[in-house]
Amino acid sequence: MRFETLGPLRVFREDADVTPPGRVQRLVLATLLLQANHPVPVEALTDGIWPDEPPSTAQSRLQLAVHRLRSRLDDPARLSLDPGGYRLRVGEDESDVTAFDRLAAGLLVDQLTPDQVVDITSEALSLWRGEPLEDVVELADSAEALRWADRRRWVVEAWCHAQLLRGRSAEVIDRAAAALACEPLHEPYAAVLMRALHAAGRPADALAVYERIRIGLRDELGLDPGPALREAQSEALGEEASWSPITVPAELPPDVPLTGRDDLLELIGNPEQARLRVVTGMAGAGKTAAAVAWSHRHLGSFPDGQIFIDLRGYSDDAPAAPADALASVLASLGLAHDRIPTGVEARAALWRSLTAARRMLVVLDNARETDQVRPMLTGGADSTVIVTSRNALPGLSAREGAEVVVASPLTPEASVTLLRGLIGRRADDDPAAVRELARVCGDLPLALRIAAQELIARQDLTPAELLAEVCDERDRLDLLDADDGDATDIRAVISWSYRALQPESAQVFRRLGLLPGADIDLPALTALCDMPEREVRRRAEALVRIHLAQRSATGRYRQHDLLRAYAAERAAEDGAEAASAARTRLLTFYARGAQEAQRVSFPDGEYLAQEAIVTDGPIPEFAAIPEAQDWLRREWPNALAALERAEDGDADLVLALAKAWHVHLRDNGLYADGLRLHEQEVKVGRRTGNAIAEYGGHVRLGANRRNLGDLAGAEREYRTAIRIAESIGDPARRARSTGNLAMITALRGRLHEAEELLEQVMPVLREHDGAYSIAIGLSCLAECRLRSGDPEGAEELLQEGLRLCDEGDLPMRRPGVLLGLADAAFNRGRVAESEGYARDAERLAEEVGEPKIRILALAAVGRARLRLDDEAAGHDALRTAIGLARGDGSVEVAMSVLEMYVEATADRQVATAMHREAVAYAAEHGFTGHEARMRAALGTVLADRGDAERARAELTLAAEMYAVLEDPRAETAAALAERIAPATTARISDGKSAESELL
């Protein structure tokens, strides 16, 4: 007999499952197993079955249940009625609990090596199939079940610690993360996960774990982290300097002398008392100036840097999304773009981790609401965050204990003092007019400074004459209306400076009101203004001098939100046609610039297959690839903002911009941004009836969904693209999309269907398309042949593709073809030749900027090294490839690297772990064909290790999946499962050859 309680209740008699089906029988059996070999009183059984009120037939029903249980046992005498109650006799080798306890006790032996600990704990943990008695809910929380669960935690921790000693941090990360997901506040799991992340060179992620657990313990239990967790935090912090960004940001705007603000600066507080502060007040009250002035006074208190970011809470533009703001501050700390995770939660956790041990100042300017601020709060207790907002943000006071400081308008005396200091002795000529001017300006520092600038610029204007203009309320800017009867609208105040501008400077000012993004560089501003660049520079600098615009240290122009609102109103006076033309010029600039950046980055013209946009406007020039790529990274947010404002007449530009930026987003792992870009492309194409734009959008959406692992979504996009291509009668586009669909079909395991699609596509590509598309089609067909067990046929196709690359000068395509040849040679047993192809592919991929091919080629090198018995180099290359694949964010690349690792390793333990990881990864992302292959391979490995039961289970499941996919390997997998004799530890005679039959 075999009794299993470490998971759902199971009972086996000579491999036959005899688990009782009924609730009463299961409860009786489970209760007896909890006290195996000990009598359980009848009353205890009765109360357990009927806790509220036992029925009158309780005794007879209990006896009937016992009778039925006895009929399922190999010996009815096992279950006896003793004086103390019912007793179930269970032998030491008949219970998974007994086996688990025996193995756990073995861990108490002194001086076990890490390898021995891993062997013992792995065997012990393999006995678990879920939570103890998880399908007998009445007993899941029993004291004995809880004891078993606690001992499992201890064994998991022992396994993790031993694996860390063996340098297997990746395996520990996976297991500890999974365990922590089930028990989010279990500190030992969190501590070992932190140590594993730290050992893997990811201290920032380790600190993010600490922060999450610390907050959970505080919010849910009112506790602080324990010693183990604090020690793990200290270890991670000790290595932070070697991995953290080295940048110490200094982003504060220039300091401006303040008048009448000493009390406000004192209220903001002592810099030595790190805390969250909110400076609130009406627009123009000087909230930002006060925050900046306080910051400059206390720079020495924040040695780890000062960050300033405009959240655009009150602006014509949409408020800055938390995810975008977090990306900005992480970049300020020196984090490379590809190191910044996607999603608000992940970015916020990383931000808190990187600031946990720093003493920094963060100014979050112009916030709109609490939810915009919370993700931006720093980790640790040594940094200060100052938030400026028109909103008092009471939620931050209630939950985060923020200190609120109100920036009220200046006192009348301070306002007059400010004006007098700005305009000099003219204030003494008519003090009454100056006092009234200050009042009409609402005692707002911004309005007062603009009024003073007007008086300075117009020396013949008296304060009284200026006051007369201010008193005309018809032209005041609505954004500063406080709805309290005071004169707080400053449209007229801003217009004074605007009217003093030369016509060309005024035009630049108005064009700044059309900016789609936060700022703009000089070439883009030149395109927007349709003026010579030299003239635009001169006029923009004139705006900077009178504070109608700002210029950053990097030469980018921007405006305060109030000035920008006024500029937008003035731009509207030029008419909708002029505004539309300006936006089109800017969109043209971004699209043409992206084309030029891609031309420099990828000299293979056919790779982009895009006609250059003809424009009279400026075109960015790039001397080398790094310069081009830097421009793409820097301008992407502005380009996306411009795209989202595109008009119906800009459909061709939308298509060009989307095609040009597609490669940059793909190669930098920005797949979520890619979805935003190409969804917009599809919308514009559909709205304008531009089928080409709509087609291209669906194709690129398919590529991004494929990289994100959304194979079903990718298939939908490609099928839609096929329908559009058919509707416009474009055989080349239909063939390309059909080829894409074929690869998704192959990834989902339907190889024969994929081959049929590609066989249909190739003649069309040869007739209607170019060498680049033909080479891609050949590689896709070769991959299908390779996966279906025809490496010879695959190699022939790839050799043809290589000839096309040589004849057609296709450097971008050559690395992928070489990688395919490496796979074909490996599958034909020519391992050294495979390594040569792979090394050539890796080198060329790096030269032409194909990061995914480079990752896969590196993995192929590692695969060859392992097969050639160079264990150290092989494992190192493959582990590096896995890390790069996960950083890239492409699910398909990560899956392929895992498969190569599985394919090559001879280490049984590593093979088993990698097989299981590959199976889980394939199942999670819907790679059904991959999952079937990996399960079949796992079955052969388990059989070779003597684990017959699990080997049969994996092979049987693989056979079932192959059968659903109509794959002939279903028969092979089923036959191999049958060859494993029941209830034995017999191995498949030739594990590698058996595996090759399935792969």
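Student: Hi! How much of the chain is made up of buried residues?
Tutor: Hello! In this predicted model, buried residues account for 55% of the chain's 999 residues.

Student: And how many helices and strands does the chain have?
Tutor: There are 48 helices and 12 strands.

Student: Switching to rings: how many aromatic pairs turn up in the whole structure?
Tutor: A search finds 7 aromatic pairs. One of them is Trp294 with Phe302, whose ring centres are 6.2 Å apart; the planes meet at 50 degrees, so this pair is tilted.

Student: Are Trp294 and Phe302 buried or exposed?
Tutor: Both residues are buried.

Student: Okay, why is the pair of Trp636 and Trp661 called tilted?
Tutor: Because their planes lie at 45 degrees, which falls between the under 30 of a stacked pair and the over 60 of an edge-to-face one. The centres of these two rings are 5.9 Å apart.

Student: Where do Trp636 and Trp661 sit in the chain?
Tutor: Trp636 is in helix α30 (residues 625-644) and Trp661 in helix α31 (residues 651-667), so the pair links distant parts of the chain, 25 residues apart. Both Trp636 and Trp661 are buried.

Student: Last topic: which ring does the charged end of Arg175 sit over?
Tutor: That would be the ring of Trp159, with the charged end of Arg175 4.6 Å from the ring centre. Arg863 likewise lies over the face of Phe826, at 4.3 Å from the ring centre.

Definitions and conventions
Residues numbered from 1 in each chain as written. Predicted model: local features only at pLDDT ≥ 70, side-chain atom pairs only at ≥ 80, totals over all residues. Heavy atoms only, no water. Phe/Tyr/Trp six-rings, centres within 6.5 Å; stacked < 30°, edge-to-face > 60°. Buried < 20%, exposed > 50% of the residue type's maximum accessible area, 1.4 Å probe, protein only. Helix = DSSP H or I, 4+ residues; strand = E, 2+ residues; numbered from the N terminus. Lys NZ or Arg CZ within 6 Å of the ring centre and 35° of its normal.
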